[in-house]
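Biologist: I would like to go through this structure and ask what lies behind each label. Please set the values against the cut-offs as we go.

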Amino acid sequence: MAFTRATGKHRLPSRMTRTTRRTVGVAALATTGVVGTLAAPAFAAESEIEQTGPLKAVTMGDTVAQEIDAQAVAQRQAAEQAAAREKAEAAAKKRAEEARAKAEKEREAKARAAREAERKRLNAYTAPIAGSYVSTSYQAGGGVWSSGSHTGIDFHAASGTAVHAVGSGTVVEAGWGGSYGNQIVIKMVDGTYTQYGHLSSIGVSVGQTVTPGQQIALSGATGNVTGAHLHFEARTTAEYGSDMDPVAYLRGHGVNV
């Protein structure tokens with residue numbers, strides 16, 4: 001009995017036919033670009049992941065390195081600025097100390113100079129009448145003097161002329177002195193004595209210290225005189241009769257008379 005192959009819409013295709021259709025379908029998909037279309041995103045995504053991952057890591061690494069470098073630069077600059085400030089402060093402190101030391105030395109030098117100047121001033125001598133001259137010399141003879149000779153020198157001076165202490169000393173007499181009229185006797189710092197006579201007025205008192213050139217009186221014509229002048233004596237003691245050459249005395253102390 002012969003069998004007839006079934007036909008119609010329910011007939012299964014043969015293996016060859018299925019294979020052929022599968023092949024044709026794949027070819028068709030390839031031809032229409034479906035495979036390419038489907039494959040492209042997958043490949044692209046994979047490529048993006050593979051490429052973006054390493055690039056992102058590199059980018060993050062560079063950023064951190066830059067931040068570290070920036071911090072290092074900032075720290076170095078801060079350290080340099082701190083060192084510069086310390087150096088400037090040290091230099092300023094040194095200059096201040098040098099200035100203080102210099103100022104102190106200058107003050108000490110000025111103080112020494114002032115003391116030396118004062119010492120010289122106190123040890124200096126001057127004429128008793130400024131701009132005057134000796135009108136009667138020492139030991140001049142004549143009946144005018146009770147001792148028979150002049151025990152001092154006379155300086156030309158109108159009445160009321162300023163009389164000055166010839167040097168530093170202490171007043172031991174100030175008042176009436178007999179034939180000397182109003183007189184002043186001063187014990188000098190070197191132990192000698194000076195006497196000023198015939199004064200019209202007295203400006204110091206006993207026990208008062210005087211300095212060179214200090215005004216102590218005004219010249220006049222009191223006592224045993226024939227006219228206004230200043231009688232000046234240099235003595236070894238405060239008493240009459242201990243006189244010595246007044247011109248030599250003054251010149252010995254640097255006074256030009």
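Biologist: Why is Tyr125 called buried?

Modeller: In this predicted model, Tyr125 has a relative accessible area of 11%. Buried means under 20%, so Tyr125 counts as buried.

Biologist: What makes Tyr125 and Tyr249 an aromatic pair?

Modeller: The structure holds four aromatic pairs. In the pair of Tyr125 and Tyr249, the rings are 6.0 Å apart, centre to centre. The cut-off is 6.5 Å, so these two rings pair.

Biologist: Why is the pair of Tyr125 and Tyr249 called edge-to-face?

Modeller: The angle between the two planes is 80°. Planes over 60 degrees apart count as edge-to-face, so the name applies to Tyr125 and Tyr249.

Biologist: Where in the chain do Tyr125 and Tyr249 lie?

Modeller: Tyr125 is in the loop between α2 and β1 (134-136), and Tyr249 is in helix α3 (residues 246-252). They are 124 residues apart, and the pair links distant parts of the chain.

Biologist: Is Tyr249 buried or exposed?

Modeller: Tyr249 has a relative accessible area of 7%. With the limit for buried at under 20%, Tyr249 is therefore buried.

Biologist: Which residues have the most contacts inside the largest nonpolar core?

Modeller: They are Val163, Ile184, Ile186, Tyr196 and Ile216, in a core of 27 residues. At least two residues of this core come from each of β2, β5 (182-188), β6, β8 (215-219), β9 (229-235) and α3.

Biologist: Which residues is Ile216 in contact with, leaving aside its neighbours within four places in sequence?

Modeller: Among them are Val163, Ile184, Ile186 and Tyr196. The list also includes His164, Ala165, Ile202, Gly203, Val204 and Val210.

Biologist: Which aromatic cluster does Tyr196 belong to?

Modeller: Tyr196 forms one aromatic cluster with Phe155 and Phe232.

Biologist: What makes Arg235 lie over the face of Tyr180?

Modeller: Arg235 is at 5.8 Å from the ring centre of Tyr180. The distance limit is 6 Å, and 5.8 Å is within it. A second condition concerns the ring normal, with a limit of 35 degrees. Arg235 is listed as lying over the face of Tyr180.

Biologist: How many salt bridges does the structure hold?

Modeller: It holds four salt bridges. One of them joins Arg107 and Glu104.

Biologist: Why is the contact of Arg107 and Glu104 called a salt bridge?

Modeller: The N to O distance between their side chains is 2.5 Å. The limit is 4 Å, so Arg107 and Glu104 qualify. They are three residues apart in helix α2 (residues 34-123), and therefore separated by about one helical turn.

Biologist: Why does Arg107 count as partly exposed?

Modeller: Arg107 has 48% relative accessibility.

Biologist: What is the N to O distance between Arg119 and Glu116?

Modeller: The distance is 2.5 Å, within the limit of 4 Å, and the two side chains meet in a salt bridge. Arg119 is partly exposed at 44%, and Glu116 is partly exposed at 30%.

Biologist: How far apart are Arg121 and Glu118 in helix α2?

Modeller: Arg121 and Glu118 are three residues apart, about one turn of the helix. Their closest N and O atoms are 2.9 Å apart, in a salt bridge.

Note on methods
Residues are numbered from 1 along each chain as its sequence is written. This is a predicted model: local features need pLDDT of at least 70, side-chain atom pairs count only at pLDDT 80 or more; totals for chains, interfaces and linings use all residues. Side-chain values use heavy atoms; hydrogens and water are left out. Helices (H or I, at least four residues) and strands (E, at least two) are DSSP runs, numbered from the N terminus. Buried means under 20% relative accessible area, exposed over 50%, partly exposed in between (1.4 Å probe, protein chains only). Rings of Phe, Tyr and Trp (its six-membered ring) pair if their centres lie within 6.5 Å; planes under 30 degrees apart count as stacked, over 60 as edge-to-face and the rest as tilted. A nonpolar core is a set of buried Ala, Val, Leu, Ile, Met, Phe, Trp, Tyr and Cys residues joined through side-chain atoms within 4.5 Å. Contact means heavy atoms within 4.5 Å.
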